[in-house]
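Q: I want to learn how to read strand pairing in a model. Where do I start?
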Amino acid sequence: QVQLVESGGGLVQTGESLRLSCAASGTIFPINAMGWYRQAPGKQRELVAVITRSSSTNYADSVKGRFTISRDNAKNTAFLQMNSLTPEDTAVYYCNLQQGVFGTIRDYWGQGTQVTVSS
């Protein structure tokens with residue numbers, strides 16, 4: 001089993017920054033990917049950014065150039081640095097860990113952290 005604990009959300013104004021953290025614990029295999037998703041009210045959950053253990057990254061077009069995902073493999077922790085925030089970034093942000101378990105891809109989710117950007 002894997003547990004993910006997020007932190008760092010909050011209320012900021014347009015143009016400000018926030019840094020989210022996600023600490024993973026439990027049975028974590030060497031090959032995995034960690035990512036951040038978000039869900040705004042009335043919308044589907046969407047990918048924000050993902051990073052593999054070898055630090056390959058992928059971003060949603062809407063956050064490219066503003067958000068940076070990183071990870072500390074020794075601590076099984078992922079980070080999301082969010083700059084130049086806008087009200088459109090307001091959502092609950094969820095941490096995700098994806099890994100293969102005996103030939104099956106499994107997804108694990110954190111409880112979510114609220115990010116609110118005021119105009």
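A: Start with what counts as a strand. Strands are DSSP runs of E, at least two residues long, numbered from the N terminus. Two strands pair if DSSP finds at least two bridges between them. Keep in mind that this model is predicted.

Q: How many residues lie between β5 and β6 in their hairpin?
A: Four residues separate β5 and β6 there. In the turn, S55 has a positive phi of about 75°. The two strands are antiparallel, with three bridges. β6 covers residues 57–59.

Q: What holds paired strands together in general?
A: Backbone hydrogen bonds link the strands of a sheet, in a parallel or antiparallel arrangement.

Q: In which sense do β4 and β5 pair, parallel or antiparallel?
A: Antiparallel, over six bridges. β4 spans residues 32–39, and β5 spans 46–52. Y37 stands opposite L47 in β5. This hairpin has six residues between its strands. G42 takes a positive phi near 80°.

Q: What is the strand order in the open sheet of four strands?
A: The order is β1-β3-β8-β7, with antiparallel pairing.

Q: Which residue in β3 is the bridge partner of Q3?
A: S25 is the partner of Q3. The strands involved, β1 and β3, pair in the antiparallel sense over six bridges. β3 runs through residues 18–26.

Conventions:
Residues numbered from 1 in each chain as written. Predicted model: local features only at pLDDT ≥ 70, side-chain atom pairs only at ≥ 80, totals over all residues. Heavy atoms only, no water.
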